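Please look at the sequence and the structure together.

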Amino acid sequence: APSVCAPLPVLGRDVTVPLVTGGEVAYAALDYAASAPALQRVWDDVAAYAPYYGSVHRGAGYLSQLSTDLFENARRTVAEFLDCRDGDQVVFTRSTTDSLNLLAAALPAGCQVFVFETEHHASLLPWRDARVTYLDAPRSPRQAVETLERALADRDPYGPALVCVTGASNVTGELWPVRELAAAAHAHGARIVLDAAQLAPHHPVSVADLDVDWVAFSGHKLYAPFGSGVLAGRADWLREAEPYLAGGGASRKVTRRTDGGVDVEWHDSAARHEAGSPNVIGAYAVASACKALTEAGFDTLVAREQYLVAKVREGLADVPQVRFLSLFGDDAPRVGVLSFVVEGWNSSHFAAALSAEYGIGVRDGLFCAHPLVRTLLGSDPQTQGECGSPEAAPGEKSLNAIRVSFGAGTPDEHVERFVRAVR
Ligand code: PMP
C-alpha cells in the first residue's frame, strides 16, 4: 500500500545512535505514548517568541504585555482546539497527572468517584480523599457502559459524583466509548472527566460533542516540549474550590484583618488554580501544537496512523510467538499504540535488544497501569509489581510487556525496521 501521506517534521529524526553490532543508525523513536518528539513547527514558534520573553500578568512593560497576550491567546487556542463550551475554563497545569490532581482537589464535599481499574495511574490514583468505586475491566465497549450504568444506579443519588475515564488506553491503544459513558454519567446525575493524554494527539477531541465535563491532556504527548498540561471544562466546581496552589496570581485581594490575620479573595477565573509565575513558553508551545495538528488535519493524521498500525499487525501476523494485548479484541479501533509479549522472551531483554541492536526505542514494563497490564497478562498481582521491569522466572509467563507507539512524525522506515527486528 502506498504511504498515506508524509509524516509531519519532528525534532530528533536525524539523531544517530551506536549499535552493539557496530556502526550507527538513525534513532527510531517508537515511544510516542510516553513522550512524542516536539514538532519542528512548535520549536520554530517557540524560538520566534524567545526575543519577546517577559513576565506575565504583572508588568507594565511592552514585553510583559506581549507575553501576557501570548499566554491568554494560548488559552483561547486550546479552548478552540478542544471545542469547549461558552463559560468553560482552560487551566494550564504541568501535565495530565497535575490536571487530574487539581480536579481531585476541587471535588465538592462527599463526592463519589467511579473509575475503571484499567486506567493509567494518573487517573486511577488522584481520588484518594473521595469515596472511590473501582470498576472491573470490561471486555467490550458495551460492557464498559453497562458496568458504569450498574455502578451509578447503586450510588447515593443525592450527592455529587464524578466518572473518570481514558479516551484511548496507553497500553492497548484502544478507544473507549466516551460519548456513551458521558451520557450514562449524566443520566445518573454524575459528571465525567476525560483523560485525553493518549487521545488528543491522535484524534480530534470535542468537549461539546462528547459532552464531557472536563478534559485533561499533556503537552509532551501532543508534540510540544515537557512541562505543560491542560485541564479544561466546567467552571463551577473549579470556581468554588480552594485554589490548587496558594500564592500570587491566584489572589485578587489580600488584606490584614483587625485581629491580625489575613483575608484573601481568590480569582474566579482559571488564574485561581495557577498561582505563581506560569509556564508561558509551555502554554505557547501547546497552543502552537494545537494549531499545527489542526492545520495538518486529523483526517490525514488518523489515516496515516492507521496505515502504520496495519503495517505492524500485518508484518507480524505470521509470527506465532507475538501476542498483542487487547481488552476489546484485536480488531477494536485504536490509536498508534500497541503492546505485546513475545513467547520465550523476557520483555525487558527484548526491548533492550531492540535498542542496542536496531536503534529502536520502545517501552517495556507495566506502563503505569499495573492492574490493567496484569489483567491482560493474566499474572498474579501478589507475585511482583514494581513500576519498571520485573523479571519473569525462567519458563514462566511474562510479567511485563513491550509497547510500541508512533504518530505524526513517524516515517515508514521506523515501523518497517521494527517489524524486521521483531521478526
Ligand atoms: N493518562 C494516560 C492515559 C497516559 O498515558 C499518561 C502518560 N503515560 C498520563 C495520563 C499521565 O501523563 P503525564 O505523565 O504527562 O502526567
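This is a predicted model: local features need pLDDT of at least 70, side-chain atom pairs count only at pLDDT 80 or more; totals for chains, interfaces and linings use all residues.

Residues are numbered from 1 along each chain as its sequence is written, and side-chain values use heavy atoms, with hydrogens and water left out.

Helix H6 spans residues 178–187, and its buried residues are Val-178, Leu-181, Ala-182, Ala-184 and Ala-185 (buried is under 20% relative accessible area, exposed over 50%, partly exposed in between, with a 1.4 Å probe and protein chains only). Viewed down the axis of H6, these residues fall within an arc of 160°, so they line one face of the helix. An α-helix has 3.6 residues a turn, so residues three or four places apart point the same way. The cover over the buried residues of H6 includes strands E5, E7 and E8 and helices H5 and H7, where contact means heavy atoms within 4.5 Å. After H6 comes Gly-189, with a positive phi near 75°.

The axes of H5 and H6 come within 10 Å and cross at roughly 15°. H5 and H6 are therefore roughly parallel to each other (angles under 35 degrees count as such). On the H5 side, Ala-144, Val-145, Leu-148, Glu-149 and Leu-152 meet Glu-180, Leu-181, Ala-184 and Ala-185 of H6. The residues of this contact divide into seven nonpolar, no polar and two charged.

Asp-129 lies in the loop between helix H4 and strand E6. Asp-129 is exposed, with a relative accessible area of 82%.

Key
Helices (H or I, at least four residues) and strands (E, at least two) are DSSP runs, numbered from the N terminus. The arc is that of the directions from the helix axis to the C-beta atoms. Axes are lines fitted to C-alpha atoms, for helices over the stretch in contact, and angles run from 0 to 180 degrees between N-to-C directions. Angles under 35 degrees count as roughly parallel, over 145 as roughly antiparallel, 65 to 115 as roughly perpendicular and the rest as oblique. Ala, Val, Leu, Ile, Met, Phe, Trp, Tyr, Cys and Pro count as nonpolar, Asp, Glu, Lys and Arg as charged, and the others, Gly among them, as polar.
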